[in-house]
Amino acid sequence: MQPQPIHLSSGNLIADRRFEWARDREAKGDLAGAADLLTQALELVPRYASAWFALGELREKLDDRAGAVAAFEEARAADPVDRHGAALHLIQLGVQPAAAMPQGYVRALFDSYAPGFDEALTEGLNYRAPELLFHAVEAAHAVQRMKFGSVLDLGCGTGLAALPFRPSADWMVGVDLSPAMLAQARSKGLYDRLIESEVLDFLAGEAEIGARYHLVLAADVFMYLDDLAPVLKAIAQVRVSSGQLAFSVETYDGEGVILRETLRYAHGESHVQAALAAASLKPISLDFASTRTEKGVPVSGLILVAGN
């Protein structure tokens, strides 16, 4: 599932029409013509964030790196919330270091996905993270009945990960940045509590009030974070002493963290292991498994269960 382009109107009808014409030119293969139309739109509205972002993408395709960098920087300046994700392109271009994805980008991305999210993942991308995580946690409880007093589902989305765990949970809490995704989750009746929040902000608040969970889930969430150490440390603060963490990541044959062309982070196994150790967590199980496909090709991933 590729990021979908968004359009923030310039407020000027002529500029917006030039933007639409530019997209049409691009679709027909006329990249230079499309770039020229976007430049015309920007002459009319110099702080037209969507036009700057689209121009940055076109300049990348035209091998104009310096021009692309300038356009993405203008897009971010015009829209400080960065709903287009200009910062991610600047990371890919090597202009700035890897960092957690802009909250505005993640929220806009998943608000746009929400209506057809479940079908797109399960039917279009062969999404398997929930069942893989459930089987991994189940295997860790092979000698006893799997039952959790409280379960925290980070980046819960529409509730796909909660579904297999709900019968084993007395209390289920879901957290997500996207109000549209939360609306989908709420309609399923899986959660006892749903909160709109960024993950680290929520975890800090829960730690402050002394909230504790027996199981923390993070299915397809850490792909939107670069360094996993801060979030794993924060999760460790809200576990009961015997509590577990089950999560998925996309991985690659390397040691650090890379931003893939899909604008999702892939974490090397050594980075994951080091982040767990920094949070005083130990792997209970670690399996290489693909949680989805992209363009028909399985995406390399890790399924982990961690505890004391």
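Is the crossing of α1 and α3 left-handed or right-handed? The crossing of α1 and α3 is left-handed; that term applies if the near helix is turned anticlockwise from the far one by less than a right angle, and right-handed applies if clockwise. Helices here (H or I, at least four residues) and strands (E, at least two) are DSSP runs, numbered from the N terminus.

Before going on, note that this is a predicted model: local features need pLDDT of at least 70, side-chain atom pairs count only at pLDDT 80 or more, and totals for chains, interfaces and linings use all residues. Residues are numbered from 1 along each chain as its sequence is written, and side-chain values use heavy atoms, with hydrogens and water left out.

Two packed helices are described by the angle between their axes and the distance between the axes. For α1 and α3 the angle is about 20°, and the axes lie 11 Å apart. Axes are lines fitted to C-alpha atoms, for helices over the stretch in contact, and angles run from 0 to 180 degrees between N-to-C directions. That makes α1 roughly parallel to α3 (angles under 35 degrees count as roughly parallel, over 145 as roughly antiparallel, 65 to 115 as roughly perpendicular and the rest as oblique).

Which residues make the contact? From α1 come F19, R23 and E26; from α3 come S50, A51, A54, E57, L58 and K61. Contact means heavy atoms within 4.5 Å. These residues divide into 4 nonpolar, 1 polar and 4 charged (Ala, Val, Leu, Ile, Met, Phe, Trp, Tyr, Cys and Pro count as nonpolar, Asp, Glu, Lys and Arg as charged, and the others, Gly among them, as polar).

K61 also forms a salt bridge with E26, with the closest N and O atoms 2.7 Å apart. A salt bridge is a side-chain nitrogen of Lys or Arg within 4 Å of a carboxyl oxygen of Asp or Glu. K61 lies in α3 (residues 49–61) and E26 in α1 (residues 13–27), so the pair ties together parts that are 35 residues apart in sequence. By this rule there are 15 salt bridges.

Another joins R264 to E250, at 2.6 Å between the closest N and O atoms. R264 sits in the loop between β6 (257–259) and β7 (265–267), and E250 in strand β5 (residues 239–250), so this pair ties together parts 14 residues apart in sequence. R264 is buried at 3% relative accessibility, and E250 is buried at 1% (buried means under 20% relative accessible area, exposed over 50%, partly exposed in between; 1.4 Å probe, protein chains only). Salt bridges link D220, E250, R260, R264, R292 and E294 in a network.
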